[in-house]
Amino acid sequence: MSATVVGIVQIDKELCTGCRRCAEVCPVDAIKGEKGEPQTIDTEKCCYCGQCVQVCSAYASIFDEEIAPREQKIAERGLLDSVKEPLFAAYNIGHNREVKKGLADASLFKMVQCAPAVRVAIAEEFGLKLGSLTPGKMAAALRRLGFDRVYDTNFTADLTIMEEGSELIERVTQNGTLPMFTSCCPAWVKYVEQEYPELIPHLSSCKSPQQMAGALFKTYGAKIDNVEPAKVFSVSVMPCTCKKFECDRPELTDSGFKDVDYVITTRELAQLIKDAGIDFKNLPEEDFDKPLGTYTGAGTIFGVTGGVMEAALRTGYELITKEAIPDVKLDFVRGGEGVRKATVKVGDLDLRVAVVSGLKNVRPLMEQVKAGTADFHFMEVMTCPVGCVSGGGQPKVLLPKLKETAYKNRACSTYTHDDNLPLRKSHDNPDVQKLYDEFLVKPLGHESHHLLHTTYTPRR
């Protein structure tokens, strides 16, 4: 495990007041300490979701002369020197210094991907209203930062559905291990590895969309642009602090290189844009590059709880029944924090599904699975309260009374984006179809298994 993996999320003892609000939101009880005293994080238990970073309100005062200088703290946190925002006690390590260095290296070919939840929150850092939907401005900003290809994680969200949906069908029809768990959320995967390692076979072997994209950038993407894979600089922009942990997993090098070189959060991207002096609010709308930036509505709803399930059902229904799904809008899997269950008629199959939003809600279901009494086929788990739109790397909502509005608006914008896209089912993505025709051959095929699937690690 590399040095960057441990301690991605930290608490500054000089700034912590011991209010323990971080402990209240921690889903795995990893925050340790007495009330009124500086807290510490148990890195063995921590799932790096960053919810403690979101809720922390203790910050460095300019009048406090007894703490380390701001310049020192900025360097320790991996922030750019130009960052003006308050320094809060709970924070995640940043990687903009490395990204800025890569962007300045003329010998590298720079590719970037953006997760679905980033486009409904990034604008908040520039004064636009909570939940503003700005995919075009984000693509324009990334191009002006110097990226040669501005791709989209939504593309590989569609690809995930092709692989994960096929895997589910195979497990259901061939008496495989059920229920199958989604594996898109890295904090959830780490939780299974450390709390329920005996249930690892239930996790889908699919890599997350981020890691699928990384593997494709340095293979298929490099081939398209006729560049050496070794010269591809692969960066992802994520709403999630745990994605930094995920990209450093030693097994995720199937391209022959580290598939994703660096992850920056939504907040970090905003800092990078400000550092470059880019006027985000007045940028024109620009498209993502093709082919790895083409996406459907199914790909974009990965950013909200129930989204992976809904996308999988849209495609699974049509692959199994060979008929068009009556309505792509599946309200019964949508919602907020908590557990939702449903039975879906798919041809002759009564497919039983469960959606869990908020990792603290998953333990009762895991105990059922462990006891062999879980009666469902497919389970989606998102660690953060409303899915990725409320991720630990998203813009901080400083006033608690605005948090509900922010999460509601970000989720609404995600569904609006889906409503307005011409294609809304992953298997209809023409460039995903082309990828299989030209490169991968078929879902669950040899090349797909090599590049898009992985294994997991028991952690106790």
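Author: Helix α5, residues 135–145, is largely enclosed by the rest of the structure, because nine of its 11 residues are buried. Buried here means under 20% relative accessible area, against over 50% for exposed and the range in between for partly exposed, with a 1.4 Å probe and protein chains only. The model is a predicted one, in which local features need pLDDT of at least 70 and side-chain atom pairs count only at pLDDT 80 or more, whereas totals for chains, interfaces and linings use all residues. Residues are numbered from 1 along each chain as its sequence is written, and side-chain values use heavy atoms, with hydrogens and water left out.

The buried set of α5 consists of Pro135, Gly136, Lys137, Met138, Ala139, Ala140, Ala141, Leu142 and Leu145. Among the elements that cover these residues are the helices α4 (96–103), α10 (266–275) and α14 (400–420); strands β5 (109–114), β6 (149–150) and β8 (232–238) also take part. Contact is counted for heavy atoms within 4.5 Å. Helices (H or I, at least four residues) and strands (E, at least two) are DSSP runs, numbered from the N terminus. Just after α5, glycine 146 has a positive phi of about 115°.

Helix α10, one of the elements covering α5, also contributes five residues, the largest share, to the lining of the largest pocket. Strand β4 (90–92), like α10, supplies at least two residues of that lining. A pocket is an open set of points on a 1 Å grid over the protein atoms alone, where a 1.4 Å probe fits, with protein on both sides within 12 Å along at least five of seven lines; lining residues have an atom within 4 Å of a point. The volume of the largest pocket is about 570 Å³, taken as the space filled by probe spheres set on grid points joined across faces, edges and corners. Its lining has 29 residues, of which Glu85, Glu125, Arg267, Gln271 and Lys396 are the closest to the centre. By class, this lining comprises 14 nonpolar, five polar and 10 charged residues. Ala, Val, Leu, Ile, Met, Phe, Trp, Tyr, Cys and Pro count as nonpolar, Asp, Glu, Lys and Arg as charged, and the others, Gly among them, as polar.

The second largest pocket holds about 310 Å³ of space. Of its 14 lining residues, Asp287, Phe288, Gly293, Tyr295 and Leu421 are the closest to the centre. This lining divides into six nonpolar, four polar and four charged residues.
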